[in-house]
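Subject: Structure handover

Hello,

Here is the structure I promised to pass on. Please open it first, then read my notes below.

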Amino acid sequence: MSWDAFTGRARRLAQTEPKQGSKVSIIGSMVVLAAGMGVLIAILVVPTTAFLSATATDLAEDAMDLPIALEDQPNPQTTRLLAADGSLLAYFYQENRQDVPLDEISEHAKTAIMAIEDNRFYEHGALDLEGTLRALINNAAGGEIQGGSSLTQQLVKLSLVQQAGTEEQMRAATEGSPARKVRELKLAIDFEERHSKDEILERYLNIAYFGDGAHGISAAAHHYFSKDSADLNIRESATLAGLVQNPDEFNPRVFPERALQRRNTVLAVMARQGKIDQETADELMAENLKLDITRFPNGCVESVAAFSCDYIRQFLLNDESLGDDVEERRARLERGGLTIKSTVDLRMQEAANKAVRNRVSAKDRAIGSLAMVEPGTGNVRGVAQSRPMGTDRKAGETFLNFSVPSKYGQSGGFQAGSTFKIFTAVAALKEGLGVGKTYPSPQDMTIPAGTFFTCDGNGTAAWPVKNSTGSGTFDMYRGMRQSVNTYFAQLERDAGLCNTVRAAEDMGITVPPQDQVGPFTLGVTSVSTLDMANAYATVGSGGVRCEPRPVAEILDVNGETVKKYDTDCERVMSREIAAQINDILRGVQQPGGFGHSNGTALNIDSAAKTGTTNSSQAVWYTGYTPELSTASMIAGANRQGQPQGLVGVTLRGQGISFSQAGGSSLSGPMWKDAMGTIQNYLDGKRFQDPPQRAPQPPPAQRGGGDDDDDD
């Protein structure tokens, strides 16, 4: 007789209307129940191999997917992403769970769970014959349906569901067939032979689902009552114990009245069993649920550092040391209960968030982006952008990360304009061209074809170049500070195009072969704000370029180190050259500089360079101190993130004219909004003195705009 047939027969017999004075229905019920208990006892004594042989032809194919013995696999657990100061940035998980040992679980919680689910847990084996018989009699008599499964049997089912790797295995673990129930019982018997009762109870409390996304007693305690599982009182324990029977139906956040009734049922059972006195039960039944909800948002969307979080996640998914492929790394990230210690400075992150929001709104046809890197370490202190993370495009939301390289954010980047002139100056100084090198720099000029040569030795086409910031004779200091295009076209010629490209690459910029052209010095290569912040950090550190480092260390669930991310730095220029560049760019932040005239000056030593691309599609302000390099960019972009001009675009309700679309006038104030606050968190270190100060000014120059405009 099958299990369902057996219980159905018992129920029908129990509900049959007997003749007057007849005991047929009662006797019939007892006969069927006795037969059922005989089946259970037979199962207990038949060896596993004989059992499998005898029942193989009767079991459904999917039921055979269940294992012969239950594996002791670790539970999936929640990974935490932390800021540099240890504060929480985000959770990553498939199931929100934090396993805890049995001695860190309240005695009240253990008592409540056993009272309602398996009162004789410590007195019986894998199968509670007494409890099963009681449930069968009650169910057959038409009473409220009772479960007869022991905690061990429940644990087996929960484990099989959790460990199912295929659809067939999931069906086998959840189907309502006699074959599954019998197989589960055999697994439970085997499990009890290999584990102590305390071990089983601990695993059950950690694997059980308590609804509303809370897996395990610790997650449930934190979610519903904002406390550790060790601190649960009787009332709270009864609430949680009542959920495991049907976590969705009794969800206290969604259905508080049902949860209250179920909690009171648990309290009544505890009183009836003598676990608590009736007076205590009555007092607690009169109280409401007293929930204190703590949310555990999964992923980066709700993080205060949403795009820093997303960058770190993508960084880890690309780390081959964490798994053979992306799926294996994702599983480790979402199931491993890791602690990821990032380099994000939450104070700086919040300042950057506020700065981009103040200057560019989410629905503007533009992107505001900031990235911050610590010179000398590569520590990424944060990235921020004006478009929030999400799926609502009408609200300006996106999952594209415009602040990081495309490898990590799927954005193609933006041309960086005259901020690339730093690479030409570095190449020139390396080639022995001094800061006093002067060129007559007309308003416009044409560089003949064959003047520049790529690193492969190929000549480039003719290049017509013009200025927007004046003409005359300039040295390197004034040519840089006024961002004179015709000066840098000639400086790049004498320094060498390939040398200039190599200088950019040494400072962390990836240069495609097609970008090795004369206008390279004017920023034809598309980059992210993180790329530029890191490049400028090279000179800020005194000539040492470091790989961006968003993560410091990863710990496993036991607090043991999985991996340390050491700084990866190398010297790419002398201290003297770096000091010379710093002194040149310091002028942009001093009286008379483009930045200073737009209010970007700080109270501490700082330097900067502006950049404005052709057609004003992107405007840049990359500024730095010896302790922090920050790149600020505002770029025209449609809803899909594709570049477009800024002229005529409205930023937070203010239309942008041609004269306003400049690096120092748009991106500079956004940079200052962030750095004006962040400077208070820095030590105020000063740049090293340069080998040579600015030469004496040449004859008066003509023109002189307030920002650069690059071809």
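**What I found: the cores**

The largest nonpolar core holds 95 residues, and Leu316, Met532 and Ile581 have the most contacts inside it. A nonpolar core here is a set of buried Ala, Val, Leu, Ile, Met, Phe, Trp, Tyr and Cys residues joined through side-chain atoms within 4.5 Å. Buried means under 20% relative accessible area, exposed means over 50%, and partly exposed lies in between (1.4 Å probe, protein chains only). Helix α14 (residues 306–317) gives the most to this core, with eight residues. Helices (H or I, at least four residues) and strands (E, at least two) are DSSP runs, numbered from the N terminus.

Ile581 touches Ile422, Ala425, Val426, Leu429, Val539 and Tyr624, leaving out residues up to four places away in sequence. Contact means heavy atoms within 4.5 Å. Apart from this core lies another, of 53 residues; Ile105, Ile116, Ile207 and Ile217 are among them. In soluble globular proteins, nonpolar side chains tend to be buried together.

**How to read the model**

This is a predicted model: local features need pLDDT of at least 70, side-chain atom pairs count only at pLDDT 80 or more, and totals for chains, interfaces and linings use all residues. Residues are numbered from 1 along each chain as its sequence is written, and side-chain values use heavy atoms, with hydrogens and water left out.

**The chain overall**

The protein chain has 24 helices and 20 strands. Of its 711 residues, 55% are buried. Among contacts with a separation of 6 or more, 71% are between residues 24 or more positions apart.

**Helices**

Two packed helices are described by the angle between their axes and the distance between the axes. Axes are lines fitted to C-alpha atoms, for helices over the stretch in contact, and angles run from 0 to 180 degrees between N-to-C directions. Angles under 35 degrees count as roughly parallel, over 145 as roughly antiparallel, 65 to 115 as roughly perpendicular and the rest as oblique.

Start with helix α4 (residues 107–117) and helix α12 (residues 256–272): their axes come within 9 Å and cross at roughly 90°. So α4 is roughly perpendicular to α12. On the α4 side, the contact is made by Thr111, Ala112, Ala115, Ile116 and Glu117; on the α12 side, by Arg262, Val266, Val269 and Met270. By class, that is six nonpolar, one polar and two charged residues. Ala, Val, Leu, Ile, Met, Phe, Trp, Tyr, Cys and Pro count as nonpolar, Asp, Glu, Lys and Arg as charged, and the others, Gly among them, as polar.

Next, α12 and α13. Their axes come within 9 Å and cross at roughly 175°. So α12 is roughly antiparallel to α13. Arg263, Asn264, Leu267, Ala268 and Ala271 of α12 meet Gln278, Ala281, Leu284 and Met285 of α13. This contact divides into six nonpolar, two polar and one charged.

Phe452 sits in the loop between β8 (444–447) and β9 (463–466). Phe452 counts as buried because its relative accessible area is 2%. The C-alpha atoms of Phe452 and Pro519 are separated by 10.0 Å, though the two are 67 residues apart along the chain.

Glu492 is in helix α20 (residues 485–495). With a relative accessible area of 0%, Glu492 is buried. Neighbours within four places aside, Glu492 is in contact with residues including Phe452, Trp463 and Leu497. Glu492 and Lys421 are 71 residues apart in sequence and 9.0 Å apart in space, C-alpha to C-alpha.

**Thr538**

Thr538 belongs to helix α22 (residues 529–540). At 0% relative accessibility, Thr538 is buried. Sequence neighbours within four places aside, Thr538 is in contact with Met507, Gly543, Val544, Arg545, Val572 and Met573.

**Two positive phi values**

Most residues other than glycine have a negative phi, and most peptide bonds are trans. Ser226 has a phi near 55°, a positive value. Ser226 lies in the loop between α10 (217–225) and α11 (234–241). At 30% relative accessibility, Ser226 is partly exposed.

Lys290 also has a positive phi, of about 55°, and is not a glycine. Lys290 is in the loop between α13 (278–285) and α14. Its relative accessibility is 47%, so Lys290 counts as partly exposed.

Best wishes
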